[in-house]
Amino acid sequence: MSEQTVKQGHPKGLWVLFGTEMWERFNFYGMRALLTLFLVNSLMMKEEEASLIYGGFLGLCYLTPMLGGFISDRFLGNRNCIMLGGSLMAIGQLLLFASATVFPNNLELAKTLMYAALGVIIFGNGFFKPNISSMVGSLYPKQEKSKLDTAFTIFYMGINIGAFLGQFICPIVGDVKDAGGMRDIHAFKWGFLAAALAMTIGTAVFFFLKNKYVVTPEGKPLGGLPSGHDASDFEEGEAQKANFSTTSLIVAVIAFVGLGFLFHYAVGQNVIYSMIYASGLTLAGLILSDKSLTKIERDRILVIYIVSFFVIFFWAAFEQAGSSLTFIADNQTDRNFFGWQMPPSMVQIFNGLFVVMLAVPFSILWDKLRAKGNEPISPMKQAFGLLLIAVSYFIIAYNVKDLGNSGLLAIKWLILLYLIQTCGELCLSPIGLSLVGKLSPKRFASLLYGVFFLSNASGYALAGTLGSILPATGDKFKKAQELGIDLQAVLDKTVTPTAEQLKLLADNQISAEYR
Ligand code: GLN
């Protein structure tokens, strides 16, 4: 399939959405590469705490799309939500820039700015992500819906080209070492600024090109205010939207609160994680409570739930990329890559790179297998995805088992891990999305996508918990403790370190500003 034929076969609007999403993912993944290292090195958090913040942040990024989808459907429309989400994310990155600028002088303010930044990005992502994906679908008239699989493969490439660029540029400017090999803890801000710029470019691309290209085949604008939809948008199922009884809604609220308390107090999860898990379960139950469901519909929904459940474990393992795997890359890896010391935050780039290389071969493979009548069924592909991610960790576990405290893992093992995980992702991620689309009764489609995204969110929260149990080899507090210094007390200014202790801290790369 040459590029030319793809271009001819797809509306130009796809390329505008491709470009917008590419810059947005640059901003998101570029920041994700730096986030935990910034929290640990500049904001002086423990690795465990950084992993938990990371998981909660990612989880909330996949909870807010429910809100973004709802506001878009009812009030603002896709276009406004994309503009709003893009602007919010750019502002969020600027707040991170501010946090990374003020931290040496005012750690408390820096932390407040960081939390505010993550909050703004979470809402920005919630407005942006569901709306840009659904616009891809609406570019195609009904008779051309068969092109959607290819359209989404192209779009997934855009996502990963963006991720690749972000994970290259942001670490290059933000994760740097000085001549003495000590991390420059002031540099993170440049990474966040690069992310802010990327998001601004993405938003501008959309702003300037949307009217010309993001249109129906007849040239009418797509994704305007909800009241501006034309009749054909409403033909399918809009008249029979899900309509829950007041009793079900009240029961759902009670269930949400009850489950939240259960996760928090009985299972010991933090408030955000409890909220994420409780929302997924509540929404899943609420949909099943609808009396209009037929037996077949109910069975299909149960299949979606089973798939959603397993997907949780995939993302929990996959999203170690920005936490435990980054810490391992930072503290326990020989990152010599063809003679160049790769910044630790950049090692995760191999995921995006391999997706770009393998997405098309994978879709050709499925097409070929389908033509021969051998294509595995969707749950089989997903099981394969899960198996691959498990294999990738067995390989790492095998290679780290004899390293001890001072041995280094060769970077090739992390690259192999990302290669295997990417094959798993390509078996599981796009297939899951289309499976939900195929099995959902029309009137519940967006809510069931909500459940599916909430299962991603739960996976991310679980990723935070898993990441937090990694023994903290690079943890400054632990390192300082081994040197006989109570770093927390030094930071709290309840203890004044001696000159000798200061030198010890410096020799062990424990940052200067707090000494
Ligand atoms: N990497 C993809 C993206 O950023 C998929 C993530 C997901 O589905 N959880 O959009």
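Analyst: A helix here is a DSSP run of H or I that covers at least four residues, and helices are numbered from the N terminus. This is a predicted model. T200 has its place in helix 7, residues 188-213.

User: Why does T200 count as partly exposed?

Analyst: A residue is buried with 20 or more other C-beta atoms within 10 Å of its own, and exposed with 12 or fewer. T200 has 19 C-beta neighbours inside 10 Å, so T200 falls in between and counts as partly exposed.

User: Why does L388 count as buried?

Analyst: The cut-off for buried is 20 or more. L388 has 20 C-beta neighbours inside 10 Å, so L388 counts as buried. L388 is found in helix 14, residues 378-400.

User: What does L388 touch, not counting residues up to four places away in sequence?

Analyst: L388 touches I420, Q421, C423, G424 and C427. Take C427: it is 39 residues from L388 along the chain, and 9.3 Å separates their C-alpha atoms.

User: What makes the protein as compact as a globular protein of its length?

Analyst: First, the secondary structure comes to 19 helices and four strands. The radius of gyration is 24 Å, and the globule rule gives 24 Å for 515 residues; the two are close, so the protein is as compact as a globular protein of that length. Along the principal axes, the C-alpha atoms fill a box of roughly 75 × 55 × 45 Å. Buried residues make up 47% of the 515 residues.

User: How do you know that helix 3 agrees with the span it should have?

Analyst: Helix 3 covers residues 47-61. At 1.5 Å a residue, its 15 residues should span 21 Å, and the end C-alpha atoms are 21 Å apart, which agrees.

User: Why is helix 3 called largely enclosed?

Analyst: Of its 15 residues, 14 are buried, so the rest of the structure largely encloses helix 3.

User: What is the phi of M44, and where is M44 found?

Analyst: Phi of M44 is near 55 degrees, a positive value in a residue other than glycine. Most residues other than glycine have a negative phi. M44 is found in the loop between helix 2 (12-41) and helix 3.

User: Is M44 buried or exposed?

Analyst: M44 has 22 C-beta neighbours inside 10 Å, so M44 counts as buried.

User: Why does F338 count as exposed?

Analyst: F338 has 5 C-beta neighbours inside 10 Å, so F338 counts as exposed. Its loop lies between strand 2 (336-337) and strand 3 (340-341). F338 also has a positive phi, about 50 degrees, although it is not a glycine.

User: Which residues have the most contacts inside the largest nonpolar core?

Analyst: They are L17, F155, I287, L448 and V451, in a core of 141 residues. Helix 2 gives the most to this core, with 17 residues. Leaving aside neighbours within four places in sequence, L17 is in contact with I132, M135, V136, F155 and V214.

User: Which residues surround the ligand?

Analyst: R25, I159, W315, S429 and N456 surround the ligand. This shell divides into two nonpolar, two polar and one charged.

Terms used
Residues numbered from 1 in each chain as written. Predicted model: local features only at pLDDT ≥ 70, side-chain atom pairs only at ≥ 80, totals over all residues. Near = placed C-beta within 6 Å. Nonpolar A, V, L, I, M, F, W, Y, C, P; charged D, E, K, R; others polar. Helix = DSSP H or I, 4+ residues; strand = E, 2+ residues; numbered from the N terminus. Rg over C-alpha atoms; globule rule 2.2 N^0.38 Å. Expected span 1.5 Å × (residues − 1). Core = buried A, V, L, I, M, F, W, Y, C linked by C-beta atoms within 7 Å. Contact = placed C-beta atoms within 7 Å.
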